[in-house]
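Reader: I have a structure to go through with you. Can we take it piece by piece?

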Amino acid sequence: MLRSIGSVTFLALFMVGCGGGGGTGGASSPPPPPPINGYTVGGTVTGLAGSGLVLNSDFGGDLAVSASGSFTFGTRLPDGSTFNVGVKNQPTSSLAQNCQVANGTGTIAGANVMNVTVTCGSGYTVGGTVSGWWAQV
C-alpha cells in the first residue's frame, strides 16, 4: 500500500514539473497587453435647473448631464494629450438657461483633470460696445 502511494505521488509530481506545455514545442504565447492607462477629464456642473444639457469633447464624444454635480468623460487620455470641452446643447426648461464652460481646454499633466467648471444660469447676458461717448472731467 505504501509503495503504491509513493508511486502515485512521484507520478503526480513528475507531471506537475512538466508544465503541460500544450504541444507548442516549449514556445509560450505572448502575455496579454497591459491595460490602457490614461487620465480622465471631468469637473463640476452648478446651477443646472433644466434638462437636456450635453457637453462635448474633442477626445471622447458627448456627455449628457442631467443634474448639477460632478461629471467625468469615459475616455482616458495619455499624459501630454490636449483636451477641449464645450457645451453642445444648452438645457431646456421653462426658464431659459445658458451654461458656460471654464477651464475647458488644457493639457493632461500626469493626473486626472477635475477642474472643468460648467456654470448654468437663468436669463441672458447682454453685451456690446459703446462708442461716441465721452465724459467731461
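Reader: Which residues does the disulfide join?
Author: The disulfide joins Cys99 to Cys120, at 2.0 Å from S to S. The term means a pair of cysteine sulfur atoms within 2.5 Å. This is a predicted model, where local features need pLDDT of at least 70, side-chain atom pairs count only at pLDDT 80 or more, and totals for chains, interfaces and linings use all residues. Residues are numbered from 1 along each chain as its sequence is written, and side-chain values use heavy atoms, with hydrogens and water left out.

Reader: How many disulfides does a search of the whole structure find?
Author: One. Cys99 sits in strand 6 (residues 97-102) and Cys120 in strand 8 (residues 113-122), so the bond ties together parts 21 residues apart in sequence. Strands here are DSSP runs of E, at least two residues; helices are runs of H or I, at least four residues; both are numbered from the N terminus.

Reader: Why is the disulfide called right-handed?
Author: Because the torsion about the S-S bond of Cys99 and Cys120 is about 110°.

Reader: Cys99 and Cys120, buried or exposed?
Author: Both are buried. Buried means under 20% relative accessible area, exposed means over 50%, and partly exposed is in between, with a 1.4 Å probe and protein chains only.

Reader: Switching to rings. How many aromatic pairs does the structure hold?
Author: Two. Phe59 and Phe73 have ring centres 5.4 Å apart and planes at 70°, so that pair is edge-to-face. Phe59 is in the loop between strand 2 (53-57) and strand 3 (61-65). Phe73 is in the loop between strand 4 (69-72) and strand 5 (82-89), and the two are 14 residues apart.

Reader: What are the cut-offs for a ring pair?
Author: Rings of Phe, Tyr and Trp (its six-membered ring) pair if their centres lie within 6.5 Å. Planes under 30 degrees apart count as stacked, over 60 as edge-to-face, and the rest as tilted.

Reader: And how accessible are Phe59 and Phe73?
Author: Phe59 is buried, at 17% relative accessible area. Phe73 is buried too, at 2%.

Reader: What pair do Phe71 and Phe73 form?
Author: An edge-to-face one, with 6.2 Å centre to centre and 85° between the planes. Phe71 is buried at 5%. Ring pairs link Phe59, Phe71 and Phe73 into a cluster.

Reader: What does Thr40 touch?
Author: Among its contacts are Thr72, Phe73 and Asn112, leaving out residues up to four places away in sequence. Contact means heavy atoms within 4.5 Å. Thr40 lies in the loop between helix 1 (2-18) and strand 1 (41-46). Thr40 is buried, at 10%.

Reader: Over how many bridges do strand 5 and strand 7 pair?
Author: Three, in the antiparallel sense. Thr82 has Thr107, in strand 7, as its bridge partner.

Reader: Last one. Where is Asn103 found?
Author: In the loop between strand 6 and strand 7 (105-107). Asn103 has a positive phi of about 60°, although it is not a glycine. Asn103 is partly exposed, at 44% relative accessible area.

Terms used: Pairing = 2+ DSSP bridges.
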